[in-house]
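Here's a quick briefing on one protein model, put together for someone who likes cut-offs spelled out. Have a look at the sequence and the coordinates first.

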Amino acid sequence: MTTPKTPLTYTVSKADTGLRLDVYLSQQSLPFSRSQLARRIEAGEVTIDGKPCRPGQKLRAGQILSFAVADPKDTQTKPENIPLCILFEDPHLIVVNKPAGLVVHPAPGHETGTLVSALLFHCGSLPKPPVFRASPSPSPLPSVQTEDAVLDEPDSDDDAEDLAVLPASASSFSIGGERRPGIVHRLDAGTSGVLVCAKDEPTLVGLQAQFQIHSIERKYVALVDGVLPDEGTFSTRYGRHPRDRKRFTARSGEKHAVTHFRTLERFSGATLVELRLETGRTHQIRVHLSEQGFPILGDPLYGRPSRNRAVQQIASTVLHQALHAQVLGFEHPRTGQMLRFSAPPPPDFLAALSALRAKPATTTQHDAPTPHP
């Protein structure tokens, strides 16, 4: 493992006495999430007064921290001839409608059959983001989380919690210590919908910058158990579930998560809802809806059997969670053209929607943008 010649160094102040090491480093505007920092500490990249340390170690005033940031590893993803539903393509980027069930990037347990493997076969080489380089006196640099970073697939990738990004002058688009080619954002494996991938580094940097300032238009639609109000916002704490590492929770945690929703159509015991992310935590939409009492139909991790037997029967026909990234809009980084793409939900989503519409309905609030099957 190679490391930069000059590590980052920090002196613990009196005000920071008692903080956990991983918490302290997460407050230093580094391009890593707290969970990623913990892994780097455990890998030996961080020392306190020249000695090995632990992520949960409490700090004392005057201690010297040294962070020798290892270069991200290049992934060894192999091209695979996997069909793609291409919505748009030019020499700089490609927009696809990702099917539910397709993992975006290789991870333990999902080394093959991924979207990146398909893109490598179709597009050839994809850009590997620049390597983060430490400097003796790092200036504060903002980090950003994206969902989809959303973005975001911890059931297939433990480091999907955050996609940390820095400005192009000191870029690090690595995730979990790996440079992942072309990836701009991600969707959970079981979530379908519109996704953009960069073919060259300037396009990658430009798209990531738009995610950073939240200028990207992203709308999701979901079928949920229960009847939601007309519209509203879920604004909560967010973090790992204390007892199940595969899950997240909005009831505790040190992060903040915000999801806006608008009811499109109500049925007897279910709702078609449109969602817009203000923050991008892993599984954010699924967690917010579930913990507010409106789990997404077919969600294997956060769902539960509906008390409405008709809805329960319909949910059993959904092959993956009924969550679809329907709209993606952005400015083309190379041409300046405003682009907007949409794709209909997959057949099982549409079949469930049709079945719900066939049941005796409550009040319909808005015309749903999703087409009839």
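This is a predicted model: local features need pLDDT of at least 70, side-chain atom pairs count only at pLDDT 80 or more; totals for chains, interfaces and linings use all residues.

Residues are numbered from 1 along each chain as its sequence is written, and side-chain values use heavy atoms, with hydrogens and water left out.

**Helix α5**
- Buried means under 20% relative accessible area, exposed over 50%, and partly exposed in between (1.4 Å probe, protein chains only).
- Helices (H or I, at least four residues) and strands (E, at least two) are DSSP runs, numbered from the N terminus.
- The buried residues of α5 pack against several strands, including β10 (217-225), β13 (255-267) and β15 (323-331).
- Just after α5, Gly-293 has a positive phi of about 95°.

**Asp-225**
- Asp-225 sits in strand β10. Asp-225 is buried but has no salt bridge, and the nearest side chain of opposite charge, Arg-304, is 4.4 Å away.
- For the charge count, Lys and Arg are positive and Asp and Glu negative, while His and the chain ends are not counted.
- A salt bridge here is a side-chain nitrogen of Lys or Arg within 4 Å of a carboxyl oxygen of Asp or Glu.
- Among the residues that Asp-225 touches are Gly-293, Phe-294 and Arg-304, leaving aside residues up to four places away in sequence; contact means heavy atoms within 4.5 Å.

**Arg-186**
- You'll find Arg-186 in the loop between β8 (178-179) and β9 (192-198), and at 0% relative accessibility Arg-186 counts as buried.
- Arg-186 and Thr-282 are 96 residues apart along the chain, with their C-alpha atoms separated by 9.8 Å.

**Salt bridges**
- The structure holds 13 salt bridges.
- Arg-340 and Glu-217 pair up at 3.0 Å, N to O. Arg-340 lies in strand β16 (residues 338-342) and Glu-217 in strand β10, so the pair ties together parts that are 123 residues apart in sequence.
- Arg-340 is exposed at 51% relative accessibility, whereas Glu-217 is partly exposed at 26%.

**Cysteines**
- A search of the whole structure turns up 0 disulfides, a disulfide being a pair of cysteine sulfur atoms within 2.5 Å.
- Cys-123 is in no disulfide, and the nearest cysteine sulfur, that of Cys-197, is 6.7 Å away.
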